[in-house]
Amino acid sequence: MSELDFAPRPGAAPLHRQVLAQSRMEARLMLRNGEQLLLAVVIPVLVLFGAVTAGEHLNLDLPSSRPLVDIFTPGVIALAVMSTSFTSLAIATGFERRYGVIKRLGSSPLPRSGLLAGKIGALLLVQLLQVFIIGGVGQLLGWTPEPGVLGVGLAILLGTAAFAALGLFVAGALRAEATLAAANLIYLLLMTGGGVVLPLTAYGDARPFLQWLPSAALGEAMRTGFIDGGVAWRDLGVLLVWAVFGTVLTAKTFKWE
Amino acid sequence: MPDASPAVSVDGLVMRYGDKVAVDGLSLTVERNTITAVLGPNGAGKTTTLETCEGYRRPQQGTVRVLGLDPVQQRRDLLPRIGVMLQGGGAWSGVRAMEMLEHVARLHAHPLDTAVLAERLGLGDCGRTPYRRLSGGQQQRLGLAMAIVGRPEIVFVDEPTAGMDPQARRTTWELLDELRRSGVTVVLTTHYLEEAEQLADQVHIIDRGRLIASGTPEELTRGSSATVRLVVDKELPTAAEAGLRASIDTWSAEHGVGVRSISFGSRTLEDVFLELTGRELDDE
C-alpha cells in the first residue's frame, strides 16, 4: 500500500472535466434507479406499442395519410424528453436537496453553473439513449422517419430547456415528497391530455388552448422535425418562452438546501 | 505561499435566525498548521460559525476571513483550497461509497489516491455499498474522506466522530493528527471534551453564540477552582433557588469574584457519575 501524502496541493480540476464528471455521475444514477428507468424507457415504449396497436381501431382525426407509427414515434420521443427533463430531474433534484448533496457540492470546486451544466449534460445523455431505444422500437414497428437535423435538434434542446427549468422550479420550491407527487401527477396529466403523443388535431376544440402548453409545443415540434424534416418555429417559440419563464421562476425561488 | 494571514479569523460575527441569536458577537482566530477545536454544547452556534467560514452563510454582522479571503465574495478562489465535512448527508442515497469518493476526487486537480485513502479510513470493504446502506460510522468516514481527498489547506470538520465506535474514533483522530503534521490546518467542532483535549492544539469554548474561553487544553485546565459546580440532592423549591442566588451575589461582592455563569437544572448522568466517582464522565 503506497503512502498518502496529505501535504496541501489544492486546486480545481478544469471546469469541463468537472462538468463531464457531474454529467456522467448523474446519468449513471438516473439509469440505476428503477423508478426513473421505468419513467425513462419502459413507459414510453409501452405507450408507443399501445398507441400504434390501439390507434388502428380508433377513428383518430390525424393530419396526414402517414402510417400511425410515423406520427406516434416522434410523439413518444417528445414524451421521453418530457419525462427525463421534467419528472426525473425534479425528483432527483428534490432528493439531492433533502440528502444534502447540493449543499455538499456547494463547497466543492464545482460552481453552481457547472452543476447546472452537468445536470443538462446528464439529461441529454439519458435522452440520447431514449431516442435510440424508442427509435429502435419504432423501426421494428415500421417507422420510416425523414428527420431534419435542425428541427429535431432544436426541439430536443428547447424542450429540455423548458422542462428542465420547470422541473427545477418544482424541486426548488417543494419538499422532496411533494416534488415526487407533483412531478408525477403533472407528467401523467400532460401525457394523457397535453398534446404530446397525440397530434393537436386529435383534440378538436381544445386545440387553441392546448397549443400553448409546453408539452404540445414539444410534441408538435418533434413531429414536424421527424415527419417532414421541417422546423416548427411557432412551437419552438412557445418552448423558448416556457424556458425563460421557468428559469426566472427558478432563479427567484430555488433554495439550494 | 508568502501569505501570512491566519487560517481563519472571525471578528464580531453575529448571526440570527428570526429572533433567535445563534452567534452573538463571536471573535476568534485559527492559526495555520494547528488542530483547533470549537467546543460547546449543542446549539451553541458551532455549526453556524463553521458554515459561515465555508461560505454557506453570509455574516449578518462582523467579518469572516479564511486564508485571508472572504468566503462569500471570493468563494470560487477559496473553495478549491478548503475541505468540508458536513455533520451528515452529502451523498446520493443510491451512490456507491467509492463512486462518491472518486466523483469528489475528479473535481480536484491533484486528488489523493482514492483506493489508498479508503483503505486507510477502513472503507475498503464497503466500496460497492450504496450510501444509504452504510452504517452511520461508515458514512462519517466517507464524509471525512471526501473532505480531504482534494488535498486542501484547511479542513472544516463538523462533529467528525459523533456516533463512531471507539476504534473508528481513534483512527479518525490519528488521521486528523497526521493531516496537521503534513501542514494542513484542521478546524473541528465537537461537544466531546475528550476529543478537544486529546487532539487540539487550541480550543475555543463557545456557549450561546459567545466565546467563553480560549487556550491550549493545558491552559484551560490549569488552576483548580476556576469552575465551581454545585450539585444538590433534591429538586430546589423556588424559594431555595432564590436564596441560593442571593447568597452567591453576596459572596461574589464580598470576595471580588465575578461569576461567569451559573446554571440550574435537573441532575444529569454526568452529575451522577461525578458524585459516585469524583471524576467527570468525559475523563474516561
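Two strands are taken to pair if DSSP finds at least two bridges between them, and strands themselves are DSSP runs of E, at least two residues long, just as helices are runs of H or I of at least four, with numbering from the N terminus. The model looked at here is predicted, so local features need pLDDT of at least 70 and side-chain atom pairs count only at pLDDT 80 or more, while totals for chains, interfaces and linings use all residues. Residues are numbered from 1 along each chain as its sequence is written, with chains lettered from A and ligands numbered from 1 in the order in which they are written.

Chain B first. It holds 10 helices and nine strands. Of its 284 residues, 39% count as buried, where buried stands for 20 or more other C-beta atoms within 10 Å of a residue's own, exposed for 12 or fewer and partly exposed for anything in between, the C-beta atoms being placed from the backbone.

Now to the sheets. Three strands of chain B make an open, antiparallel sheet in the order β2-β1-β4. Its edges are β2 (20–30) and β4 (61–66) of chain B, each with a single partner strand, so one side of each is left without a neighbour in the sheet. From one strand to the next the twist averages 25°, with axes being lines fitted to C-alpha atoms (for helices, over the stretch in contact) and angles running from 0 to 180 degrees between N-to-C directions. Strand β1 (residues 8–17) of chain B pairs with β2(B) in the antiparallel sense over eight bridges, and B:M15 has B:V23 of β2(B) as its bridge partner. Packed on this sheet is helix α1 (residues 46–53) of chain B, which touches β1, β2 and β4 of chain B and makes about 120° with the direction of β1(B).

Another open sheet of chain B has six strands, ordered β5-β6-β7-β3-β8-β9, and its pairing is mixed. Here β5 (82–85) and β9 of chain B stand at the edges; each has a single partner strand, so one side of each lacks a neighbour in the sheet. Neighbouring strands of this sheet are turned by 15° against each other on average, direction ignored. Strand β3 (residues 35–39) of chain B runs parallel to β8(B), paired over four bridges, with B:H204 of β8(B) as the bridge partner of B:V38. α1(B) packs on this sheet as well, touching β3, β6, β7 (185–190) and β8 of chain B, at about 150° to the direction of β6(B). α5(B), for its part, lies across β5 and β6 of chain B and runs at about 170° to β5(B).

What about the interior? The largest nonpolar core has 76 residues, of which B:L101, B:A145, B:V155 and B:F156 touch the most other members; a core is a set of buried Ala, Val, Leu, Ile, Met, Phe, Trp, Tyr and Cys residues joined through C-beta atoms within 7 Å. Apart from it lies another core, of 65 residues, including A:V126 and A:L210. Helix α3 (residues 97–106) of chain B is mostly covered, with eight of its 10 residues buried, B:L101 and B:H103 among them. Those buried residues pack against α1 (15–32) of chain A, as well as α4 (114–120) and α5 (136–148) of chain B.

That brings in the interface, where 40 residues of chain B are in contact with 31 residues of chain A. On the chain B side, α3, α4 and α6 (166–181) each supply at least two residues, and the largest share, four residues, comes from α4(B).

Two loop residues of chain B deserve a mention. B:E159, in the loop between β6 (154–158) and α6 of chain B, has a positive phi near 50° and counts as buried, with 22 C-beta neighbours inside 10 Å. B:R208, in the loop between β8 (202–207) and β9 (210–215) of chain B, has phi near 45° but is partly exposed, with 15 other C-beta atoms within 10 Å.

Technical notes:
Contact = placed C-beta atoms within 7 Å.
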